[in-house]
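Please consult the sequence and the coordinates alongside the points below.

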Amino acid sequence: MTHPKVPFDAGRLRDLTSAAIDGSASEIELEQLTSLLRSDERACDEYLAMIDLHSNLATDLAGPAEAGPAEADSATRNDDEEQKHAVTQSKSSRVWSAAILGIGLAASVLFMILRTGPEEAFAPETTFASLVHVYDASWDGDGPPLGTRLGNESLRLTSGIAQVVFDSGVEVTLQGPAIYHLVGAAKTRLVSGLLTATVPEGAEGFSVDTPNAEVVDLGTSFGIDLRLDGVSEVSVFEGEVDVILNESTEKRRLDEGDAIRIRSGADIEDVDLEVQRYAQIWPVAMGVIDSSDSVHLIPPWPKRVRFIRSDDQIFLAAEGRPLRLEGNLSVNVAQPGEYRASSELTPSDLQRGTRVRSYLLQHAPERSLPPREATRVSGTVTFDQPIVGLIVLHDELLDSSHLFGNLGAGEPQPRRQLDFTGKANGDRITLSEDRRTLQVNLISPGRTSDLIRVIVEAPRAKQRRRGRMR
């Protein structure tokens, strides 16, 4: 939910804070208070001052814990007065306790706002995923708008492609016609259609039920093709999955490159992994929004990037799943702009803990032509997340090769890099101002080939909320 900003209004702030302290604030009023505190530092200062004032008043209201000696010894107090005094003391105690609880709640509101933002502080826990991409999508009925938060509900896609990202970081891409039920944050059900799932580290155990089996992730990227006749095929692009049949006790563990066909809930048949069926869904699943005709996206299997050659094509492959850097990563290009010479590069280090996804972009000609006969190949590719770094030189390509999925790209070969000569015989690349589009203009004479490691920002998995402010 988007929280509109509210102009700073001291009077309104006092009213909202008082309501939060005494526990009478509605959800809308809490949202308005959140927006006020986020919109102006003066609001935070005044808010803290009001909490301090209410705290002092609550302390004064409590009064002495017991009646003073003079009151205890008074012989003139009758039974009615004593009863009234007890009632007054009881009311004061309850009011004081409620005030202290309200102040604690109000203080925790500010803490959560500053720590997580209003969306995390006040959003209900009934949603656990978001609809992040749709391409030529049509729905059975009114489909959810782009950006919709999703909970326990069904998606009925009649055609096109839609991608859902769970708060855990799991990415599920559907190709219609498909029916897909979101049962929970880690449990879903595919009734029909084509699906791919990419599960990051820490979200293992994510499962997809089908009419005849359950597919349980063990840290992987996999696909399911479930036909209308109930026959399904499960393919593993990376990592491992467990497939548990519904009508028997059989469980099969599938490794990278394995594929099976399930005709009923009682038997499993080994088949060849056919990636062509995922040709339309894969670009969306790998985070590519658009690319020119000269850029060809390599399917997730088999992983033989360095053996793929073409005189007029540039190939792009995703290097495994998103990951969090365990150490700093050196990149050669970190700023938008055009690069023709080595002196123009903008080297930098991506910091440890950064969540990234890596891609390899290569041009390897089939023919070995002398420099004067070599032809240029150009193309563009646009990603759904910003590019945070490009690795284009041999040493950095070699140093980073062990961090990501093994695509057999041949980084140890010194001639697999870009040559920035600044002249007509050199390579040229341009990183757009919004960092999402990379344009390349490459030339590979002789036995050379061009290789770029593209490091793209991976969205952070949302923190699970432990409670809801009321």
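Tyrosine 339 stands opposite isoleucine 429 in E22, where strands (E, at least two residues) and helices (H or I, at least four residues) are DSSP runs numbered from the N terminus. The model is predicted: local features need pLDDT of at least 70, side-chain atom pairs count only at pLDDT 80 or more, and totals for chains, interfaces and linings use all residues. Residues are numbered from 1 along each chain as its sequence is written, and side-chain values use heavy atoms, with hydrogens and water left out.

**Overall composition**
- The protein chain contains eight helices and 24 strands.
- Of its 470 residues, 47% count as buried, meaning under 20% relative accessible area with a 1.4 Å probe and protein chains only (exposed is over 50%, partly exposed in between).
- Among contacts (heavy atoms within 4.5 Å) between residues at least 6 apart in sequence, 62% join residues at least 24 apart.

**The five-stranded open sheet**
- An open sheet of five strands has the order E12-E20-E23-E22-E17, with antiparallel pairing; two strands pair if DSSP finds at least two bridges between them.
- Its edge strands, E12 (288-291) and E17 (337-339), each pair on one side only.
- From one strand to the next, the twist averages 15°, with axes fitted as lines to C-alpha atoms (for helices over the stretch in contact) and angles running from 0 to 180 degrees between N-to-C directions.
- Three bridges join E17 to strand E22 (residues 428-431) in the antiparallel sense.

**Strand E8 and its partners**
- Strand E8 is mostly covered, with 11 of its 14 residues buried.
- Strand E7 (residues 213-226) pairs with E8 in the antiparallel sense over 12 bridges, and glycine 239 in E8 is the bridge partner of threonine 220.
- E7 and E8 form a hairpin with five residues between them, and glycine 230 in the turn has a positive phi of about 95°.
- E8 also pairs antiparallel with strand E9 (residues 251-255) over five bridges; here glutamate 240 has aspartate 255 in E9 as its bridge partner.
- Five residues lie between E8 and E9 in the hairpin that they form.
- Strand E10 (residues 259-264) runs antiparallel to E8 and is joined to E8 by four bridges, with alanine 259 in E10 as the bridge partner of serine 235.

**Isoleucine 161**
- Isoleucine 161, in strand E3 (residues 153-166), counts as buried because its relative accessibility is 8%.
- Alanine 137 is 24 residues from isoleucine 161 in sequence and 5.6 Å away in space, C-alpha to C-alpha.
- Leaving out residues up to four places away in sequence, the residues that isoleucine 161 touches include Val134, Leu174, Ile281 and Val284.

**Cavities**
- A search of the whole structure finds four cavities of 30 Å³ or more; a cavity is a set of points, on a 1 Å grid over the protein atoms alone, where a 1.4 Å probe fits but cannot get out, and lining residues have an atom within 4 Å of a point.
- The largest cavity has a volume of about 220 Å³, a volume being the space filled by probe spheres set on the points.
- Of the 22 residues lining the largest cavity, Trp282, Pro300, Ala318, Glu319 and Gly320 are the closest to its centre.
- Strand E8 (232-245), helix H7 (282-285) and strand E14 (314-318) each supply at least two residues of that lining.
- The second largest cavity holds about 80 Å³ of space, and its lining residues include Asp311, His363, Arg367 and Ser444.

Notes:
On a 1 Å grid over the protein atoms alone, a cavity is a set of points where a 1.4 Å probe fits but cannot get out, and a pocket is an open set with protein on both sides within 12 Å along at least five of seven lines; lining residues have an atom within 4 Å of a point.
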